[in-house]
Amino acid sequence: MRRFDTPALIPGPVPNESGAHLLLLAIRRTITHGPHDPGIERKFEASFGRAYRRPLVLVRVLVNEIRAAACSSVTIAPCCCPRMTLAEAAILAAIARISTAPDAARLLIADVLANRRPERVLTSLAAVVEGFADAGRPIGGWR
């Protein structure tokens with residue numbers, strides 16, 4: 001019997017910061033349950049109040065752009081998993097660098113997607129960061 005080594009497959013812990021945690025949950029649920037998952041819609045409404053629609057639509061666009069641009073599979077953990085995959089960690093790292101080091105963010109996303117032209121995904125990432133900040137829940141405090 002072979003032992004399943006979870007820390008090697010899912011190395012990073014889920015972020016403690018509420019904006020990044022909410023975004024990660026939204027990406028996971030949108031990918032696994034579809035773009036019109038009522039659970040994430042209720043979670044966004046509880047988190048953002050009446051301004052929840054714009055961030056939710058931007059996350060849906062981001063997931064669609066990731067799906068369209070990915071030339072290899074992008075590994076996403078289950079919604080309840082307390083750890084992140086390398087792909088999820090790279091997406092959040094790219095978000096952290098999108099406004100201060102866009103070239104580094106571009107390289108991270110290009111590696112995740114195995115695509116040399118990730119501009120549409122980067123544009124969607126920047127829009128998600130702005131949408132969360134405008135709705136009062138900045139991701140990692142970046143604006």
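This is a predicted model: local features need pLDDT of at least 70, side-chain atom pairs count only at pLDDT 80 or more; totals for chains, interfaces and linings use all residues.
**Exercise 1. Is Ala114 buried, partly exposed or exposed, and what is its relative accessible area?**

Residues are numbered from 1 along each chain as its sequence is written, and side-chain values use heavy atoms, with hydrogens and water left out.

Solution. 
- Step 1: Ala114 sits in the loop between helix 6 and helix 7. Helices are DSSP runs (H or I, at least four residues), numbered from the N terminus.
- Step 2: the cut-offs are under 20% relative accessible area for buried, over 50% for exposed, and partly exposed in between (1.4 Å probe, protein chains only).
- Step 3: Ala114 has a relative accessible area of 44%, so Ala114 is partly exposed.
- Step 4: check the backbone. Ala114 is not a glycine, yet its phi is positive, about 55°. Most residues other than glycine have a negative phi.

**Exercise 2. Describe how helix 4 packs on helix 7.**

Solution. 
- Step 1: two packed helices are described by the angle between their axes and the distance between the axes. Axes are lines fitted to C-alpha atoms, for helices over the stretch in contact, and angles run from 0 to 180 degrees between N-to-C directions.
- Step 2: the axes of helix 4 and helix 7 come within 9 Å and cross at roughly 165°. Helix 4 is therefore roughly antiparallel to helix 7 (angles over 145 degrees).
- Step 3: list the contacts (heavy atoms within 4.5 Å). Residues of helix 4, including Val61, Leu62 and Glu65, meet residues of helix 7, among them Ser124, Leu125 and Phe132.
- Step 4: the residues of this contact divide into 12 nonpolar, 2 polar and 5 charged. Here Ala, Val, Leu, Ile, Met, Phe, Trp, Tyr, Cys and Pro count as nonpolar, Asp, Glu, Lys and Arg as charged, and the others, Gly among them, as polar.

**Exercise 3. Which residues have the most contacts inside the largest nonpolar core?**

Solution. 
- Step 1: a nonpolar core is a set of buried Ala, Val, Leu, Ile, Met, Phe, Trp, Tyr and Cys residues joined through side-chain atoms within 4.5 Å.
- Step 2: the largest one has 38 residues, and Leu23, Phe44, Val59, Leu125 and Phe132 have the most contacts inside it.
- Step 3: take Phe44. Not counting residues up to four places away in sequence, Phe44 touches residues including Leu22, Val59 and Phe132.

Methods
Helices (H or I, at least four residues) and strands (E, at least two) are DSSP runs, numbered from the N terminus. Angles under 35 degrees count as roughly parallel, over 145 as roughly antiparallel, 65 to 115 as roughly perpendicular and the rest as oblique.
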